[in-house]
Amino acid sequence: MGTPLAAPLAGAGSDRAAVGARQRPWLAALFRTRTAAFGTFVLTVVVATALFGRALAPYDPREVVARPYQPPSAQHWLGTNDIGQDIFSELLWGTRASLTVGLVAALAAVLVGTAVGVVAGLAGGWVDAVLMRATDVVLTLPFLPLAIVLAAFLGPSLGNTALVLALVIWARPARVVRSHALGIAGHAYVEAAHALGGGFGHVLRRHVVPAVLPLALSQFILAVSSAILAEASLAFLGLGDPIQKSWGSVLFYAQSRGAFLSGAWPWWVVPPGLLIALTVLGFALVGRSLEAVLLPRLRGR
Amino acid sequence: MAWYLGRVGQYGLVLLVAMTFNFALPRAMPGSPLRYLAGEDVGLLTPAQVADLRATYGLDRPLAAQYVAYLGDTLRGAWGFSFQLGKPVAEAIRERLPWTLLLVGSSLLVATAFGIIAGAIAAWRRGGRFDTAALSSAILVDALPTFWLGMLFVAVFAVSWRLLPVFGAYTPWGDRSGWPFVLDVARHLVLPATTLTLASLSGTFLVMRYAMLDVLGQDYVRTARAKGLPERRVVMGHAVRNALLPVSTVVFLNLGFLVGGATVVETVFAYPGVGTLLYQAVLARDYPVLQGAFFMLTVSVLLANALADAVYPLLDPRVRRGG
C-alpha cells in the first residue's frame, strides 16, 4: 500500500532534493542500508533472469514435454503442470513478461503523473484545482475493480494490461509530485526566474522538472512494485494474455486446474508467488531507500 | 459547512465519473455496443431481431438522450439484464452484497484494531525489538500478492490439515437457521477474513506509527510528561487520542484497496460475494454484471467515505466547532 504515507510526507525537504539533483545521491541510495543492498541484489538477479531466462530455460514452456502433474525431478526441477509443460521454464520465461508489464505501466503512469503534478503545482489556481479534482476521483475509485472492467473490455494482451495499469496508477505519483512542485514554486529563485521574464514553460523546464526528477524516480520504482502486483492479480483473475506466460498466469492455471487438490501446490503455487513477492519487495526496498534520501524527514522512521 | 459541501460535491463527481465510464465503455469499443449490453450471441440474430434489441436498449436514439436515460436508470437501480445469469444485474448483486459486506467489514474492523495497537506500541518503543519486527513484517507482507496468501492458506489449513472450510460462505447442505448456522458462517469466514486482514493491516499500522511518532514529539506530550503524568496516561490519553485523527481518514481511504483485495480473496475461497460475481463475469464476458459490480463497489467506497466524514467531528472537537 503506502498510499496513506505518501501524502503527509510529500513536500518535505524540497531544498535537499534540489541539492541532491546535482549530487546524484540515488546511486548511493542503492546500497545505503543492508535492506537497500538486498533490494538492489534482488533486482539485479530478476533483471538478469528477464534478459537471459529464455536462453537458460531447460525446455520451451509452450511445448508439452512430459506427463502432466509430475512432481519435481532431476529433469523437471519444479515438476510439470496440468498439460505437461515444465513449470521451471514457465517461470523463467514469465519473468520477462511480468517485469516488462510492470516497467512499462509504471513508466507511463509516472510520466503522466509527473506531468500533471508539476503543471498543477506550478500553475496553481483553477488549473491546479481541476487537475487535483481529477486525481482525487481516480484515487477514490476502487483500483482493482476499475482495472478489471477496463481489462475485460480492452481484451487480454500484455500491452492492454500495461495500459490499464498505467490508467489507474498515475494518480498517486501525481499527488506526490504536485506537493513537491508546490514547494519548489514557492522558492525565491523560482520567483526570481518569473520576475526576470521567464515564461511558464521556461520555469517548468529549467527549475521545476529538474528538481522533481529524483522524486519521480523513486515514485517510478514504487509504481513498478504496485504494477507487478496488480498485473499478477489481473492475470490470476483470467485477464492475462493467454499466449504469454507470466507469473500471474501460472497461478491462474494452478488455481483453475486444481493445484491444491492434486497436492502439487508446493512446487506449482509457492514458487511463482515467491518470485512475485521477492521482486515487489526488491523494488519497494530500493524505492523506500531512494525516498528516504530524497525526503530526509523519513530517515530512520 | 463549506467543507461538507465540498466533500459531497467530490462524491457526486466520483459517482458521475463512474457512471460516465460505464456508459462510455461499451459504446467506445469497436463494433456494436449491443455485443457488450446483450451478450456475444447477438451476432447470431436476424437483422429484425437486432433492430428490435437496439430499440430496447435505446441505441437508436441520439447519444445525449441515451446518456441522460442511462444516468436516470442507474440511479434508480436499473443496471441492465444479465443473459448469462438470467436475471437483472441489480438482483444478482443484491444477493451477493451481504457476503462482501461481512467479509470486508470484519477484516476492516480487525485490521484497524490491530493496526492501531501495533502502530502505537511500535512508535512508543521506537527502534525497539517490536518496532523493528513489526516494521519489517509490514514491508514484507505488503509485497505478497493477496490472492497468493489466500492460496497458501487453502493449501495448508484446508487441504493438508483439514482444519477449516475453504469453500463458500456456509455448508450448502447444512442447517440454515439458528446458532449452528452462525457458527458455520463464522468458520467459513475465518480464512478469507484473515487473508484480507493480513493484506490490509500494514497500511493502518504504518500510518498509526507515523502519526504517533509525530505526536510523541509534540510540546504538549513533553508538557504532560513534565508535569508528572504517569506514562500510561501520557500515551493513552494524549498521544494515542491525537494520533487517531489522521488514522481515521486513512482507514477509509484503505477501503478502496480492501474492496479490490476482497475481489481476489473471494475468488480464491469461492466466497459468494460481489468479488466472485465479478470474477465469474470476467470468465463469461458478462459485461452488464461487470459494470454493475464495479458501480456497486464504487458506491460502497463512497458511502464508507461519507461515514468517515460523519464520524470525524466526533473524534476531533476542532472540526465540530469550526463547522
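**View 1. R257(A) is partly exposed, at 39% relative accessible area.** Here, buried means under 20% relative accessible area, exposed means over 50%, and partly exposed falls in between (1.4 Å probe, protein chains only). What you're looking at is a predicted model, where local features need pLDDT of at least 70, side-chain atom pairs count only at pLDDT 80 or more, and totals for chains, interfaces and linings use all residues. Residues are numbered from 1 along each chain as its sequence is written, chains are lettered from A and ligands numbered from 1 in the order in which they are written, and side-chain values use heavy atoms, with hydrogens and water left out.

The partner of R257(A) is D82(A): they form a salt bridge (a side-chain nitrogen of Lys or Arg within 4 Å of a carboxyl oxygen of Asp or Glu), with the closest N and O atoms 2.5 Å apart. These two sit 175 residues apart, D82(A) in the loop between α4 and α5 of chain A and R257(A) in the loop between α12 and α13. Helices are DSSP runs (H or I, at least four residues), numbered from the N terminus. D82(A) is buried, at 13%.

**View 2. K245(A) and E90(A) pair up in a salt bridge, with the closest N and O atoms 2.7 Å apart.** K245(A) comes from the loop between α11 and α12 of chain A, while E90(A) is in helix α5, 155 residues apart. Both residues are buried.

**View 3. Over in chain B, R76(B) meets D73(B) in a salt bridge at 3.0 Å, N to O.** Both belong to helix α4 (residues 63-76), three residues apart, or about one turn of the helix. R76(B) is exposed at 64% relative accessibility, and D73(B) is partly exposed at 30%.
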